[in-house]
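Subject: Handover of a structure

Dear colleague,

Please find below the structure that I am handing over to you. I would ask you to keep it open while you read the notes that follow.

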Amino acid sequence: YLQDKRRFADLFNGSCFQGRQVIRAEDLEEASENYVATEEKQPGKPLQKGTEIIRDVKMRYRSGMILQVLAVENQSYIDYGMPVRCMGYDAAEYSRQLKERKRERRLLGRHKEESEEELKTTIDEKLSGILRSDRLHPVYTICLYSGEEPWDGPRKLSDMMEFDPEDENLRVLFEEYHLHLFCINEQNGFDTFRSGLRHLFRAMNCRKDKERMAELMKNEAYSHLSKETWEAIAVMTDNAAMLQKKDKYKTENGEEEEYNMCQALEELLEERESIGERRGRREGKKTVVRNM
């Protein structure tokens, strides 16, 4: 769902910039991939087998001539190691960029495609594999928590640390890593979002409350959902029955397909109530038979 560039941009703008349109969908480029984190080969030592790291969604964002990396980690449960995990993802991305830059430098040096001035590298640059002027692309990661339980896990790296309370000297050397955490269940409103994320997040916040969900479905917007938003709401609110019947509630609006979730949920609730009543009558009959 978030691999759609418009929704991906909306997530960043709505959760980080109070709805200001800082990230534009047209400036995004799909870049999701798996990383294999390996140690660099040392002389006389075998290459260590790598560990595969999978990012959920990653996009390259070009702002003018500057390239940046935006990523989202979807989290459905409370991970008490999340700051270390996200920091590892970011580090793997920087490591990937560094290896790519070194490979480019080797190829350019081999084919002599650089000017004579650029080829006059220092011994430190040759040993480093990159030039002093080389720069990496910054990485920005959002952790999107969709679970129902309140997040009571760490929100920054220092929350996971055991510091010596009597020694402040070393503490000042500690480098913090902040988790950019967006908990759907901590939000009261989602007016900063402009895409189907607004409808999805609002529905997810009503998962445990049938009355709130019924009230939300009076909103006309839920009568005109896209197929992707319909499916996302059905999955994230655990209403698999709606997925099976979605074509029943499909309408045409010009060239676009729309889905009426208001009608679907109303019929689903009525069906569940009817099943409950029938089950109640059966249990009542069984009780009467046992008493006789």
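A helix, as the word is used here, is a DSSP run of H or I with at least four residues, while a strand is a run of E with at least two; both are numbered from the N terminus. Please bear in mind that the model is predicted.

I begin with helix 1, which covers residues 5–16. The buried residues of the helix are R7, F8, A9, D10, L11, F12, N13 and G14. Among the elements that cover them are strand 1 (28–30), strand 4 (57–63), strand 5, strand 6, helix 6 (197–204) and helix 8 (227–236).

Just after helix 1 comes Q18, whose phi is positive, at about 55°. This residue sits in the loop between helix 1 and strand 1. Is Q18 buried or exposed? Its relative accessibility is 59%, and it therefore counts as exposed. D238 also deserves attention: its phi is near 60°, a positive value in a residue other than glycine. D238 belongs to the loop between helix 8 and helix 9 (240–244), and it is exposed, with a relative accessible area of 64%.

Next, consider strand 6 (residues 139–145). Six of its seven residues are buried, so the strand is largely enclosed by the rest of the structure. Strand 5 (residues 66–75) runs parallel to strand 6, and seven bridges join the two; within this pairing, L70 stands opposite Y140. Strand 6 also pairs with strand 7 (residues 180–183), again in the parallel sense, over four bridges. Here Y145 stands opposite C183.

The largest nonpolar core has 41 residues, of which F8, L11, L28, L144, F201, Y222 and M242 touch the most other members. Elements that give two or more residues to this core include helix 1, strand 6, helix 7 (210–216) and helix 10 (261–291). Apart from this core lies another, of 11 residues, including I78, C143, W151 and Y177. As for M242, its contacts beyond four places in sequence are W230, A234, M261, A264, L265 and L268.

Yours sincerely

Conventions. Residues are numbered from 1 along each chain as its sequence is written. This is a predicted model: local features need pLDDT of at least 70, side-chain atom pairs count only at pLDDT 80 or more; totals for chains, interfaces and linings use all residues. Side-chain values use heavy atoms; hydrogens and water are left out. Buried means under 20% relative accessible area, exposed over 50%, partly exposed in between (1.4 Å probe, protein chains only). Two strands pair if DSSP finds at least two bridges between them. The expected span of a helix is 1.5 Å times one less than its number of residues. Contact means heavy atoms within 4.5 Å. A nonpolar core is a set of buried Ala, Val, Leu, Ile, Met, Phe, Trp, Tyr and Cys residues joined through side-chain atoms within 4.5 Å.
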